[in-house]
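I set down here what I looked up in this structure. The entries follow the order in which I worked.

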Amino acid sequence: MKSLPYFCRGEVVRGFGRGSKELGIPTANFPDSVVEHLPADISRGIYYGWACVGSGDIYKMVMSIGWNPYYKNTKKSMETHVIHTFKEDFYGQILSVVMVGYIRPERSYDSLEALIAAINNDIEEAKAKLELPEHLKLREDNFFTTAPSTSTAPTTSTPTSQLINGH
């Protein structure tokens, strides 16, 4: 995939409400405006990379891009699981991510248990791959140091969701 690494950021919006409740694996969802502008060669599937909420610390992440066939979604989504335990939700904050690699295509599963097992395998694979030197260096990319901070001051001229590839 020639578009990797791929850098993007956007406001965290409410998703389907399944990540934490049904799966025990919380996800942060990007708005449609980010999903709709993915490059054509970023196919459906599971990716890994780095994520930062607001101007906070940078953590490993896995991301599902697609229609989540187990749930038969009718809308394409980008759901990011940041591999860190947060004390509270961060809806409305800016999530900055760099997708650095591809794990596997999107699949359907026969059971919720099989889906959860696959996600946990993806998380373990992401943790390992992100230790490679070529991936570790992206954790230090200036994209994260220039990430916008979340502000309570209203702005009308700057969109809260934007795509950035190359910086």
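**Entry 1: helix α3.** What span should the 18 residues of helix α3 have at 1.5 Å a residue, and how far apart are its end C-alpha atoms? I took residues 112–129 as the helix; the expected span is 1.5 Å times one less than the number of residues. That rule gives 26 Å, and the end C-alpha atoms lie 26 Å apart, so the two agree.

I then listed the buried residues of α3: Leu115, Ala118, Ile119, Asp122, Ile123 and Ala126. Here buried means under 20% relative accessible area, exposed over 50% and partly exposed in between, with a 1.4 Å probe and protein chains only.

**Entry 2: basis of the values.** I noted that this is a predicted model, in which local features need pLDDT of at least 70 and side-chain atom pairs count only at pLDDT 80 or more, while totals for chains, interfaces and linings use all residues. Residues are numbered from 1 along each chain as its sequence is written, and side-chain values use heavy atoms, with hydrogens and water left out.

**Entry 3: the chain as a whole.** I counted five helices and seven strands in the protein chain. Helices (H or I, at least four residues) and strands (E, at least two) are DSSP runs, numbered from the N terminus. Along the sequence their pattern reads β-α-β-α-β-β-β-β-α-α-α-β.

Of the 167 residues in the protein chain, 45% are buried. The chain exposes about 9000 Å², of which carbon and sulfur atoms supply 51%; the areas come from the Shrake-Rupley method with a 1.4 Å probe, and for residues only the protein chains shown count as cover. I also looked up contacts (heavy atoms within 4.5 Å). Among those between residues at least 6 apart in sequence, 73% join residues at least 24 apart.

**Entry 4: nonpolar cores.** Which members of the largest nonpolar core touch the most other members? They are Tyr48, Trp50, Val100 and Phe144, out of 23 residues. Such a core is a set of buried Ala, Val, Leu, Ile, Met, Phe, Trp, Tyr and Cys residues joined through side-chain atoms within 4.5 Å. At least two residues of this core come from each of β3 (45–53), β4 (58–66), β6 (94–104), α3 and α5 (142–145). Helix α3 gives the largest share, five residues. Apart from this core I found another, of 22 residues, including Ile42, Tyr47, Met61 and Leu95.

Tyrosine 48 has contacts that include Met61, Val100, Ala126 and His135, with residues up to four places away in sequence not counted.

**Entry 5: isoleucine 123.** I returned to helix α3 for isoleucine 123. At 7% relative accessibility, isoleucine 123 counts as buried. Beyond its neighbours within four places in sequence, isoleucine 123 contacts Ile25, Val62, His81 and Ile83. The C-alpha atoms of isoleucine 123 and valine 62 are 6.3 Å apart, although 61 residues separate them along the chain.

**Entry 6: aromatic pairs.** Rings of Phe, Tyr and Trp (its six-membered ring) pair if their centres lie within 6.5 Å; planes under 30 degrees apart count as stacked, over 60 as edge-to-face and the rest as tilted. I counted five aromatic pairs by this rule. The ring centres of phenylalanine 7 and phenylalanine 143 are 5.1 Å apart and the planes stand at 70°, so this pair is edge-to-face. Phenylalanine 7 is in strand β1 (residues 6–11) and phenylalanine 143 in helix α5, so the pair ties together parts 136 residues apart in sequence. Phenylalanine 143 also forms an edge-to-face pair with phenylalanine 144, at 5.3 Å centre to centre and 65° between the planes. Phe7, Phe143 and Phe144 form one aromatic cluster. Phenylalanine 7 and phenylalanine 143 are buried, and phenylalanine 144 is buried as well.

**Entry 7: the segment before β1.** I located methionine 1 in the segment before β1. At 42% relative accessibility, methionine 1 counts as partly exposed. Its contacts, neighbours within four places in sequence aside, are Asp41, Ser43, Tyr47 and Tyr102. Proline 5 belongs to the segment before β1, and the peptide bond from leucine 4 to proline 5 is cis, with omega near 0°.
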